[in-house]
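Please look over the sequence and the three-dimensional model shown here, and keep both at hand while you read the briefing.

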Amino acid sequence: MCLPGSSAGQSADGNPPHNKHASDNNDRAVARKVLDRGTLLACMSVVLLITGMSLTYPHMQSRRDELGCDSMCYGTMTSVRSALGLVGTAVVGRLSDKNGSPLARSLGSLGMRANNSPSGRRACLYLGTMATLIGLAIALSMNSLLGLWLSMIPDALLQHNFDVYKALLSEYHNDIDDLEARIGDDPSDEKEKTKYRDNKSSSPSRSGSVGKLGMSLGISFMIGPMIAALTSPTFQFAACFAIVCTVASGIVIFYLPLPIATAQKKVHDVRYENHPVLNKENEFSLMKLLKLQTPKSCAAMMLLVIRLNMSLAFQIFNTVWPASLKSRFNFGPSDHARFMSFIGISYAFSQGFLAKRLVQAWGKDGKVYLIMTCCAILGAGRYIAYFTNSLVVIYMTFLFIINALGTMNTVITADTGTIAPSDEIGALFGMLQAAESAAGIVGPFLGGVISKFGRDAPLIAVVGVYSGLFAFVSWGYDSYVVSSNCYDSKHEGSITSGRKEVKKTI
């Protein structure tokens, strides 16, 4: 029996089935090449950007002292940076989803000739790069307390390239999932249909891409301080080197491939954006999430709560941790440098090697137990590290803590990419990052208030937060986040058919 609108020996779009199948397989191969190249260039851009900036970090404290920025000034600056980040991440995330905005059509069209479609993601990446350059230029030209404040503003407000890259990688994977959904919906190929059902959402693949990006971040935080320790550059030289690295990072963005869905919209962009199926209201706004009206909004809210509590736990713990190291081991700057290098190495190992393999080993059914295990390690590990009098035990404990943190971040980021469509994923990542910025504002104050109840009270609060997360994940992660992928697979047909309908009207 023929499909509606097709004749014998033809598919619904009028093409012979074997030609359509070959075309779909070719499109899938192209999408995977775009993913591989995009992941490589994204990692290169992150390494260049963060390496340059991290070279200036060893000078920050001495520069603040030289310019008369005391602890009150630094605390205020940290709060202002978090507040600007709270606004900036949400705005940049939303802008990165808009491929038809004036910003995307101007700045976002700067790419190779074969890759110059309007892109909100590319526009926001360029915007973040320019913000970093402006901040560095101000720091070099204004050696004053005012210059210190002004140089912080552009970077805090607009430099969110890492989150935009996470959204971009998720969009690459969404392209592959859409193509495999099309193959899985083909009634002429039962083998491919079964394969698609078994591999929907490709969690290990998403985790691998996110892990490579996180590994690049960890390596970058090691390279910069290592260069600074070996060469002892002045702040002026470090800032100039950072400018060169930032410009190189921007050049990499020029060659970044666009997701297939974005590139194919160049011809019919206006009609695509006005299509009633595709141009729907953004589901991932705070007010819509609070209403919890759809499975995806419930999943997003659960991820938001997890991110917020993880960030609060970190901020509260950080109010007592440096003083604890100082009192027990007389930690100095060199000790902190070695400890941070160890953390960077551990995080890079977790993101680049361990996380993907753990996701593969535990599988989709065991993902909840993997996150619960990470919560247990993060809570118990911090308790042990706080009370032990052995530096070796601290290093061993933090090896587990950082690997658990990296694995948990990778799983959550990969799952975030599966619950939102490509034109809303930036807004969702921005909202999650905004939650972390909010924790950066509230957390230190909350830690100070809790410490009034006893020296160890903040630690007890941190253990309590992770215990609550353990129970929270056990209660709802499988029901809301994991199951949202199944919900999406049931409704993909309407979106795919909407795209085909747009193409037919042009």
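Predicted model: local features only at pLDDT ≥ 70, side-chain atom pairs only at ≥ 80, totals over all residues.

Residues are numbered from 1 along each chain as its sequence is written, and side-chain values use heavy atoms, with hydrogens and water left out.

**The whole chain**

- The chain has 20 helices and 0 strands, where helices (H or I, at least four residues) and strands (E, at least two) are DSSP runs numbered from the N terminus.
- Of the 506 residues of the chain, 50% count as buried; buried means under 20% relative accessible area, exposed means over 50%, and partly exposed lies in between, with a 1.4 Å probe and protein chains only.
- Among the contacts (heavy atoms within 4.5 Å) with a separation of 6 or more, 82% are between residues 24 or more positions apart.

**Regions listed in a record**

- The unreviewed UniProt entry lists several stretches as "transmembrane region", including residues 235–256 and 425–446; such annotations may be inferred rather than shown by experiment, and the positions are given in the numbering used here, with feature names shortened.
- Residues 235–256 are 91% helix and 0% strand, with end C-alpha atoms 31 Å apart, while residues 425–446 are 100% helix and 0% strand, with end C-alpha atoms that also lie 31 Å apart.

- Asp 155 lies in helix H6, which covers residues 145–158, and Asp 155 counts as buried because its relative accessibility is 18%.
- Leaving aside residues up to four places away in sequence, Asp 155 touches Arg 81, Ala 131 and Thr 132.

**Aromatic pairs**

- The structure holds 11 aromatic pairs; rings of Phe, Tyr and Trp (its six-membered ring) pair if their centres lie within 6.5 Å, and planes under 30 degrees apart count as stacked, over 60 as edge-to-face and the rest as tilted.
- The rings of Phe 254 and Tyr 255 have centres 5.2 Å apart and planes at 80°, so this pair is edge-to-face.
- Phe 339 and Phe 398 also form an edge-to-face pair, with 5.1 Å from centre to centre and 75° between the planes.
- Because Phe 339 lies in helix H16 (residues 333–362) and Phe 398 in helix H18 (residues 391–419), the pair ties together parts that are 59 residues apart in sequence.
- Phe 339 is buried at 4% relative accessibility, and Phe 398 is buried at 6%.
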